[in-house]
Amino acid sequence: MSRQQESVLSKVEDLGVKFIRLWFTDVLGKLKSVAIVPAELEGAFREGIGFDGSSVEGFSRIFEADMVLRPDPATFALLPWRGDTEPTARMFCDIYDPDGTPSASDPRNVLKRQLAAARDRGFTFYAHPEIEFYLFKSGHLDGQPPVPVDTSGYFDHVDGGTANDFRRSAVQTLEAMGISVEFSHHEAGPGQNEIDLRYADGLTMADNVMTFRTVVREVALEQGVFATFMPKPLIDQPGNGMHTHVSLFEGDENAFYEPGAEYQLSQTGRQFIAGLLAHTPEFSAVTNQYVNSYKRLWTGHEAPSYICWGHRNRSALIRIPQYKSGKASSARIEYRGIDSSANPYLTYSLLLAAGLKGIEEGYELPDEAEDNVWLLSDHERRAMGISAMPVSLNNALAKMENSELVAETLGEAVFEFVLRNKTQEWVDYRDQVTPYELRRHFETL
C-alpha cells in the first residue's frame with residue numbers, strides 16, 4: 001500500500017468519516033457514484049470495487065461486463081454539504097478490466113494516456129476554464145419556458161440577490177474542497193453566472209470540473225433554485241460556454257512564451273494554435289456533444305461560429321489574451337469553442353492531441369483575424385481562409401467519423417460509442433415535430 005493510501009486511511013479515521021463516495025464518469029461525462037463504508041476502503045485500495053460496466057454508458061458490452069473501480073487517493077476530499085453529523089468524503093476512480101488493464105472506455109484513462117504522450121515530448125499541460133451556467137427558479141417546466149432567478153446582466157451587482165448569495169456559497173464550498181477559484185460574476189444572460197477556476201494540470205482540472213458541476217447543483221438545491229449547464233437553455237439569450245485557457249510548460253518554463261515575439265507567443269504556441277484550428281471540425285462532436293450545443297454556436301452572443309484566431313478578438317474561436325508584462329507564466333491561449341456540458345476528460349485529451357499534432361508536424365498558423373468575423377460576408381471570410389464551425393451535431397459527426405486524430409486519441413471503444421450514441425441523438429431529434437413547426441405551418445399548409 002502506498003503512502004498516499006495510508007494517509008487517506010488515517011484521515012478517514014481521524015475525521016470520523018462515515019461514508020466514502022467513489023466517483024467516475026461515463027463516456028458522456030455524467031458523474032457516477034458508489035458509496036462504501038470506511039471498513040471497505042483498504043480493500044478498495046488493494047483490490048478495487050467490482051461493478052457492472054454494461055450498465056454504464058459506453059463502458060462495455062453485456063458479455064464483458066465485469067469492471068473494477070480503483071480510487072485515486074490524491075483526489076480525497078470531504079464533501080462540505082454532507083455536514084458534520086455524517087462526514088462524507090469522495091475520491092475519483094480509475095476504471096480497470098478484471099485482468100488489471102486500464103479500461104479503454106474510461107474517459108479519465110483517455111486523458112491520462114494523452115498527458116503521458118505530452119510528457120514523453122517534455123510537456124506538461126495546464127488548463128484554466130471559465131464555466132458558465134444558468135440559475136432558474138424551478139427545474140419543472142410543465143411545458144413553459146424556464147424562469148431565470150433574476151433579470152441582471154454582465155457584471156451586474158444586485159444587493160442581496162440570489163446570484164450573489166449563490167456564488168458566495170459555491171465558491172466557499174469549492175475552496176473547502178481544495179479547488180481554487182479565480183473569479184466569479186454575473187454573466188450576460190438573466191440568471192446566468194460564471195465561475196473561473198484557477199489553473200491546474202490537465203487531470204486535476206478535469207476532476208475539478210466534474211466536482212464543480214456537482215457543487216453548483218448541490219448549492220442550488222440548498223438554496224431552492226435549479227442550476228443547468230445546458231448549452232442553450234433560453235431563446236435570444238447567451239448560451240453556456242466553457243472557454244478554456246491552456247498552456248504547455250517544459251519543466252518550469254512556459255513553452256508558449258517568447259520575449260520579443262509578436263504577442264510574446266512562441267513558435268511552439270503558434271503551432272499549437274494551428275493544430276487546434278486545423279482539427280476543430282473533427283472534434284466538435286465531443287466539445288459540443290449535444291444537438292442543443294449548435295444553437296449556442298450559431299445564435300450570436302459572442303459564441304464562436306468561425307474557425308480563426310485573434311489577439312483580444314472575442315469573435316474568434318481562439319483568442320490570445322493580453323500578456324501580463326514581466327510574467328512569462330501568463331502566456332497562454334483561450335479556446336472558446338467548448339460548452340459547459342462537455343466531458344472534460346475527452347475534451348482536454350483532444351485539445352492536447354490537436355495542439356501536439358500542430359507542433360510535431362510544424363503546422364503553419366494562418367493570418368490573424370483582426371475584424372469582427374460575424375460582420376464579414378461569406379466571400380470575405382472565404383478570401384481570408386476562415387471556415388465555419390459545424391452547423392449541427394450531424395455535421396460535426398460527419399467530420400469526426402473520418403478523423404484519424406480523434407479515433408487515435410479516444411481509442412476505438414470510446415470513438416465508436418460516441419459516434420453511435422450521438423448519431424442516435426441526431427436521429428431522435430430529427431424525427432421530432434416541434435412546437436415551432438406546428439406554430440408556423442399547421443394552419444397554413
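## A loop residue and its surroundings

Leaving aside neighbours within four places in sequence, Leu365 is in contact (heavy atoms within 4.5 Å) with Arg270, Ile273, Ala274, Leu277 and Trp309. The model is a predicted one, in which local features need pLDDT of at least 70 and side-chain atom pairs count only at pLDDT 80 or more, while totals for chains, interfaces and linings use all residues. Residues are numbered from 1 along each chain as its sequence is written, and side-chain values use heavy atoms, with hydrogens and water left out.

Leu365 belongs to the loop between α8 (344-360) and α9 (378-383), where helices (H or I, at least four residues) are DSSP runs numbered from the N terminus. Its relative accessibility is 10%, and Leu365 therefore counts as buried, a term that means under 20% relative accessible area with a 1.4 Å probe and protein chains only. Between the C-alpha atoms of Leu365 and Tyr199, which are 166 residues apart along the chain, the separation is 25 Å.

## The pairing of α6 and α8

The axes of α6 and α8, which are lines fitted to C-alpha atoms over the stretch in contact, with angles running from 0 to 180 degrees between N-to-C directions, come within 6 Å and cross at roughly 140°. The two helices are therefore oblique to each other, the class left once angles under 35 degrees (roughly parallel), over 145 (roughly antiparallel) and 65 to 115 (roughly perpendicular) are set aside.

The contact draws on residues of α6 including Phe272, Leu276 and Phe283, and on residues of α8 including Leu350, Ala354 and Ile359. By class, its residues divide into 11 nonpolar, 8 polar and 1 charged, where Ala, Val, Leu, Ile, Met, Phe, Trp, Tyr, Cys and Pro count as nonpolar, Asp, Glu, Lys and Arg as charged, and the others, Gly among them, as polar.

## The buried face of α10

In helix α10 (residues 393-401), the buried residues are Leu393, Ala396, Leu397 and Met400. Seen down the axis of α10, these fall within an arc of 100° and so line one face of the helix, the arc being that of the directions from the helix axis to the C-beta atoms. Their cover includes α6 (267-287), α7 (293-297), α11 (404-410) and α12 (412-430).

The axes of α10 and α12 come within 10 Å and cross at roughly 155°, which makes α10 roughly antiparallel to α12. Here Leu393, Asn394, Leu397, Met400 and Glu401 of α10 meet residues of α12, among them Phe415, Val418, Leu419 and Trp426; the residues of this contact divide into 7 nonpolar, 2 polar and 3 charged.

Conventions:
Buried < 20%, exposed > 50% of the residue type's maximum accessible area, 1.4 Å probe, protein only.
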